[in-house]
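I opened my notebook to look around this protein. Here is what I looked up, entry by entry.

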Amino acid sequence: MKDRVLNSSLNQGTVLINIRIKIRSVFADASYFYAWKEADNEKIHLNKEHEPAGMAAVDIYALLEGTRAELIDGKIYYMAPPSRQHQRIVFAVSRKIADYIDSRKGSCEVYIAPFAVFLNKDDTNYVEPDICVVCDKDKLDHKGCHGAPDLVVEVVSPGSNGRRMDYIIKLFKYQKAGVREYWIVDPVDQTVTVYDLEHDDIGKYTFSDKVEARIYPELKIDFSTLNID
């Protein structure tokens with residue numbers, strides 16, 4: 001296990017990235033990482049169009065109809081409309097998870113975006129995961145989920161901003177909030193990274209593999225059979 005501290009100053013704005021990255025070797029020829037925030041001084045600007053800090057979830061609901069955005073530590077980040085492939089992946093994977101739960105008469109519920117998740121039960125972190133599974137019914141009300149889902153799946157959007165959001169910022173936020181398992185489906189690399197946040201473990205798969213869930217040991221999704229091109 002190796003710990004390294006990444007310090008990077010960006011020219012545009014007062015941005016200081018100070019993230020501790022823990023690198024765990026999963027396969028002989030590759031390493032995959034977790035990212036954690038070092039103290040409270042992590043500030044990452046994904047683009048120049050986010051709103052100033054200090055916003056709350058109520059500001060999301062005040063946006064123009066049809067405008068999608070997420071709130072991270074009081075900052076609003078706008079989201080572009082998803083691509084056709086993105087939606088095909090979300091539909092195919094969510095259907096497999098829901099079918100598995102239904103086949104075992106499970107009580108957990110599967111939701112797809114746009115579905116409100118108020119992380120940490122506060123008003124400064126509001127996200128809309130592509131897919132989330134919630135097993136604690138007490139977290140659910142007419143607005144969405146208050147607290148951490150058990151499983152979250154994000155499909156990476158094209159561009160460096162989307163990758164940074166899913167691979168670094170949301171990884172940290174979901175881990176801190178208590179999400180048990182986090183999948184990152186990357187259509188560009190054709191990979192699926194499974195973060196077992198309960199047991200500090202990572203699995204790396206390709207679109208030719210059967211992806212194994214951690215919270216459901218018998219759930220295996222064969223990505224080679226999914227019509228997601």
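**Entry 1: a buried lysine**

I started with the side chain of Lys-173, which makes a polar contact of 2.8 Å with the side chain of Asp-73. A second polar contact, 3.5 Å, joins the side chains of Lys-173 and Asn-125. By polar contact I mean a pair of N or O atoms within 3.5 Å; within protein, one must be able to donate a hydrogen and the other to accept it, and residues adjacent in sequence count only if both atoms are side-chain atoms.

A note to myself on the source: this is a predicted model, with residues numbered from 1 along each chain as its sequence is written. Local features need pLDDT of at least 70, side-chain atom pairs count only at pLDDT 80 or more, totals for chains, interfaces and linings use all residues, and side-chain values use heavy atoms, with hydrogens and water left out.

Is Lys-173 buried or exposed? I found Lys-173 buried, because its relative accessible area is 5% (buried is under 20%, exposed over 50%, partly exposed in between, with a 1.4 Å probe and protein chains only). Lys-173 sits in helix α3, residues 160-177. Helices (H or I, at least four residues) and strands (E, at least two) are DSSP runs, numbered from the N terminus. Leaving aside neighbours within four places in sequence, Lys-173 is in contact (heavy atoms within 4.5 Å) with Ile-72, Asp-73, Leu-119 and Asn-125.

Asp-73 counts as partly exposed because its relative accessibility is 36%. Its phi is near 50°, a positive value in a residue other than glycine. I noted that most residues other than glycine have a negative phi, and most peptide bonds are trans.

I also found Asp-200, not a glycine, with a positive phi of about 55°. Asp-200 lies in the loop between β13 (191-196) and β14 (201-206).

Which residues does a cis peptide bond join? I read off Ala-113 and Pro-114, with omega about 0°. Pro-114 is in the loop between β6 and β7 (117-118).

**Entry 2: the largest pocket**

I then looked up the largest pocket, with a volume of about 710 Å³. Of the 32 residues that line the largest pocket, the closest to its centre are Met-79, Ala-80, Val-155, Ser-157 and Gly-162. Which helix supplies the largest share of the lining? My answer is α3, with five residues. At least two lining residues each come from β5 (75-78), α2 (84-103), β11 (151-155) and α3.

**Entry 3: helix α2**

I counted 20 residues in α2, which reaches 28 Å from its first C-alpha to its last, close to the 28 Å expected at 1.5 Å a residue (the expected span is 1.5 Å times one less than the number of residues). The buried residues of α2 include His-86, Ile-89, Val-90 and Tyr-100. I see the buried residues of α2 packing against β6 (109-112), β9 (131-134), β11, β12 (181-186) and β16 (220-222). Lys-105 follows α2, and its phi is positive, near 55°.

**Entry 4: the whole protein**

Last, I stepped back and found three helices and 16 strands. Buried residues make up 46% of the 229 residues.

Conventions:
1 Å grid on protein atoms, 1.4 Å probe; cavity = no way out; pocket = protein on both sides within 12 Å on 5 of 7 lines; lining within 4 Å. Points joined across faces, edges and corners; volume = space filled by probe spheres on them.
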